[in-house]
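Hi,

Here is the structure I promised to pass on. Have a look at it first, then read my notes below.

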Amino acid sequence: MHKRVGAGRLVRQATLRQLQVFDRVVKRGSVTKAAEELRLTQPTVSAQLKKLGDCVGGPLFEQVGRQLYLTQEGELLTRTAVEVLDALARFEMAVDNLNGLSTGSLSLGVVTTAKYFAPRVLGEFSRMYPGIEVALQIGNHSDVLQRLHENRDDLYIVSTVPIDLEDRFQPFMPNPVVIVASDDHALVGKRNIPLERLVQERFILREEGSGVRRAVEAMFEGAGLELHTRMALSSNEAIKQAVVSGLGIGALSLHSVRNGGVQDRLRILDVRGFPLQRQWHVGYPAGKQLSVVAEAFRDYLFRQGRIMTANWEEAGVWAQACMAQSEAQPPAVD
Ligand code: PGA
């Protein structure tokens, strides 16, 4: 029989961090995932859970096989944890408002491909801080760097960071690039396709100045190969349309492949060296002083980046991109 919890015992012995750890483990369903998200080690997470369980009067989880189940105490604590953490988040927001987030503006310059997540994240931020006026400027990689050099926005989101800006930008989420074809293309389902084979194909690429295009061209150049471009289009959605119409194969960020139209007719090819492992970065030019609003948005973006990455992991999106082959695979292509 577990000991009863005396009034005030949790207040004296438990910590808010333990409550947050518990809440993350409940939401992620796994100590490992919660540890990653909170940037803690697994033993630390387990120790925090144990301490919280001791304060509550009994273990919060039972492990059966590899699966975690909430005990009765754990079930009861779940709602309290959510309520306490929500109340604290609301309080933090209220204090932020006092400290200068009640009014102001935020201009964000982002590359074209970031349109699959940036408007949503900015929209959520603006709902939290309704007094802040937000603007989103979208252009390709070159356009955004131009805006940065002219100091026209508060923050910038790009994937490839120029060397001279490396200390001003930080990664917040993966941005892999994959090669796609229409579902009836001869290379669909082939394994380990060498780059040499791809140069026989016609590519539908983004326009000059696009970051994805640059990254893919650099990869082929590095292998001493030249891509044959059939068409350059300034929109990822237009590339998808052209690819499913059979005009050629495309190179796209996985964000584009997963969102928007026609993705059910696109197939990711299993090409050697792909997906290109890239990251989204957020930053600002040297010498710029970040406003309170820009700093708050950057922190929010880091949090959202962790959540979006975890969601993709959970949905098996990485695995899907890395093992693009169909089940009935012919032998490797030479
Ligand atoms: P782009 O940039 O939209 O200009 O291609 C995106 C990226 O670099 O991934």
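**Around the ligand**

A polar backbone atom of Val212 sits 3.0 Å from an oxygen atom of the ligand, a polar contact being a pair of N or O atoms within 3.5 Å (within protein, one must be able to donate a hydrogen and the other to accept it, and residues adjacent in sequence count only if both atoms are side-chain atoms). On its own the ligand exposes 280 Å², and the protein buries 100% of that (areas by the Shrake-Rupley method with a 1.4 Å probe; for residues, only the protein chains shown count as cover).

Before you go on: this is a predicted model, where local features need pLDDT of at least 70, side-chain atom pairs count only at pLDDT 80 or more, and totals for chains, interfaces and linings use all residues. Residues are numbered from 1 along each chain as its sequence is written, and side-chain values use heavy atoms, leaving out hydrogens and water.

Back to the ligand: a polar side-chain atom of Ser210 is 2.8 Å from a ligand oxygen atom, and for an N or O atom in the side chain of Asn175 the distance to one is 2.9 Å.

**The sheet**

There's also an open sheet of 5 strands, ordered S4-S3-S5-S12-S6, with mixed pairing. Strands (E, at least two residues) are DSSP runs numbered from the N terminus, as are helices (H or I, at least four), and two strands pair if DSSP finds at least two bridges between them. S4 (132-139) and S6 (169-174) are at the edges with a single partner strand each, so one side of each has no neighbour in the sheet. S3 (residues 104-111) pairs with S4 in the parallel sense over 8 bridges, and Leu108 stands opposite Leu136 in S4.

Cheers
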